[in-house]
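Subject: Handing over a structure, with notes

Dear colleague,

Please read them with the structure open.

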Amino acid sequence: MRTVTLTHVFAHPIAQKYLKRSGLAHAINAAYHAYHLALRHGVNVDLATKAALLHDIGHYTWYKNGRWDYEQYRQNDIHAIKGAERAHKLLIRLGEHPQNAKEIALAILLHTDSYLPEGEWKRTPLQAIVKWADEADEEPGGRHHYRTISDDFAWKKIRQLDELVSRQHAQGRLGDIV
Ligand SMILES: [Fe+2]
């Protein structure tokens, strides 16, 4: 049995508040991409789907006079840092194993290159998958954040993905830890 499921995560008011801010459709699509990528690469599907679902949970609303201020966002955004911390706190509260919470938080922290130092460094397979999953659902101009789906459909997709992950778990095919 998985201690914390995607349903548990998704039901929490913190997840509801911040996932809606950056777009439920994008979060759920990224989680599905992460599931397939993790299976293909032998990475833990439980960690990959949770990290991808929560990867944008750290976004702030950069609005000025009722409109999104892209320049302010570009200059001041730290959503991956904030998201890593927010996801970690949420997962620990829900009873996630601290090692899993750490791996998920690190994958969220490193899902974007936007403010990382330049140079040669290598992501773990889990970290790479969360980055690819995000990119696979991206649209020009950040339009992926504005795609909408109904709450009912979002719940249906989350439950379906939980079933897929649990099936892998039952078959002992979760993949490596990281
Ligand atoms: Fe994203």
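Leaving aside its neighbours within four places in sequence, which residues is lysine 50 in contact with? Taking contact to mean that the C-beta atoms of two residues, placed from the backbone, lie within 7 Å, lysine 50 is in contact with Leu6, Val9 and Ile104.

Before going further, please keep in mind that this is a predicted model, in which local features need pLDDT of at least 70 and side-chain atom pairs count only at pLDDT 80 or more, while totals for chains, interfaces and linings use all residues. Residues are numbered from 1 along each chain as its sequence is written.

The overall fold

The protein has nine helices and two strands, where helices (H or I, at least four residues) and strands (E, at least two) are DSSP runs numbered from the N terminus. Read from the N terminus, the elements run α-α-α-α-β-β-α-α-α-α-α. The radius of gyration, taken over C-alpha atoms, is 15 Å, close to the 16 Å that the globule rule (2.2 Å times the number of residues to the power 0.38) gives for 178 residues, so the protein is as compact as a globular protein of that length. Among contacts between residues at least 6 apart in sequence, 72% join residues at least 24 apart. Of the 178 residues, 38% count as buried, a residue being buried if 20 or more other C-beta atoms lie within 10 Å of its own, exposed if 12 or fewer, and partly exposed in between, with C-beta atoms placed from the backbone.

Lysine 50 lies in helix α4, residues 45-54, and it counts as buried because it has 31 C-beta neighbours inside 10 Å. Lysine 102, for its part, lies in helix α7 and is partly exposed, with 16 other C-beta atoms within 10 Å.

Helix α7 (residues 98-109) has twelve residues and reaches 16 Å from its first C-alpha to its last, close to the 16 Å expected at 1.5 Å a residue, the expected span being 1.5 Å times one less than the number of residues. Its buried residues include Asn100, Glu103, Ile104 and Ile108, and what covers the buried residues of α7 includes α4, α6 (79-94) and α8 (125-136). The buried residues of α6, among them His79, Arg86 and His88, pack against α1, α2, α4 and α7. After α6 comes glycine 95, whose phi is positive, near 100°.

The nonpolar core

A nonpolar core is a set of buried Ala, Val, Leu, Ile, Met, Phe, Trp, Tyr and Cys residues joined through C-beta atoms within 7 Å. The largest one holds 43 residues, of which Ala34, Ala48, Ala51, Ile108 and Val130 touch the most other members. Helices α1 (6-11), α2 (13-22), α3 (24-41), α4, α6, α7, α8 and α9 (151-170) each supply at least two residues of this core, and α3 gives the most, with nine residues. Leaving aside its neighbours within four places in sequence, isoleucine 108 is in contact with several residues, including Ala51, Leu54, Ala80 and Val130.

The annotated domain

UniProt, in an unreviewed entry, places the feature "domain: HD" at residues 23-139; its positions are given in the numbering used here, feature names are shortened, and annotations may be inferred rather than shown by experiment. In the model, the end C-alpha atoms of residues 23-139 lie 13 Å apart, and the span is 64% helix and 3% strand.

With best wishes
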